[in-house]
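Keep the sequence and the 3D view open while reading.

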Amino acid sequence: MTEKELKRLLDDALTYDVYSYSLKKLNDDINLNDLTERVMQLRINIHKIDDKSARMCMMLRYINGFSFKEISKKMKVSRQWIHALHIKGLKELLNIYNQG
């Protein structure tokens, strides 16, 4: 292989890498935009939950990423009560999504 052919091969490989990186970055941006949109929609729907305690439980769990133990401490109630609020919140969210 000549030096010219090798240079052309390296240039093609570099171009391919840059193109591949650009496609991956674009895909990541699209996925990030989709994720951001889904989180915003979830936040909107959680705010539609009637029960204030269930709404707080769902916000702490799904928006703030708290564990049930952390939610229990934050809301100053038992973990069993948090699980009951979580189930109530899930049922309300299901109704909200089914209506929309």
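The protein has four helices and zero strands. Read from the N terminus, its elements run α-α-α-α. The model is predicted. Of the 100 residues, 19% count as buried. Among contacts with a separation of 6 or more, 46% join residues 24 or more positions apart.

**Helix α2**

Helix α2 covers residues 52–63. Asp51 caps its N-terminal end. There, a side-chain oxygen of Asp51 lies 3.0 Å from the backbone nitrogen of Ser53. After α2 comes Gly65, with a positive phi near 75°.

The length of α2 can be checked. With 12 residues at 1.5 Å a residue, α2 should span 16 Å. Its end C-alpha atoms are 15 Å apart, which agrees.

Which residues of α2 are buried? They are Ala54, Cys57, Met58, Met59 and Leu60. An α-helix has 3.6 residues a turn, so residues three or four places apart point the same way.

**Packing against helix α4**

Two helix pairs are described here, and both involve α4, which covers residues 79–99. The table sets out their geometry.

| Helix pair | Angle | Distance between axes |
|---|---|---|
| α2 (residues 52–63) and α4 | about 90° | 8 Å |
| α3 (residues 68–75) and α4 | about 105° | 9 Å |

Take α2 and α4, which pack at about 90°. That angle makes α2 roughly perpendicular to α4. From α2, the contact is made by Ser53, Ala54, Cys57, Met58, Arg61 and Tyr62. From α4, the residues are Ile82, Leu85, His86, Lys88, Gly89, Leu90 and Leu93. By class, this contact has eight nonpolar, three polar and two charged residues. Ala54, Cys57 and Met58 are on the α2 side of the contact, and they are also among the buried residues of α2.

Now take α3 and α4, which pack at about 105°. Here too the angle makes α3 roughly perpendicular to α4. Phe68, Lys69, Ile71, Ser72 and Met75 make the contact from α3. Arg79, Ile82, His83, Leu85 and His86 make it from α4. By class, the contact has five nonpolar, three polar and two charged residues.

Technical notes: Residues numbered from 1 in each chain as written. Predicted model: local features only at pLDDT ≥ 70, side-chain atom pairs only at ≥ 80, totals over all residues. Heavy atoms only, no water. Axes fitted to C-alpha atoms, helices over the stretch in contact; angles between N-to-C directions. Parallel < 35°, antiparallel > 145°, perpendicular 65-115°, else oblique. Contact = heavy atoms within 4.5 Å. Nonpolar A, V, L, I, M, F, W, Y, C, P; charged D, E, K, R; others polar. Expected span 1.5 Å × (residues − 1). Buried < 20%, exposed > 50% of the residue type's maximum accessible area, 1.4 Å probe, protein only. Polar contact = N/O pair within 3.5 Å; in protein donor to acceptor, adjacent residues only side chain to side chain.
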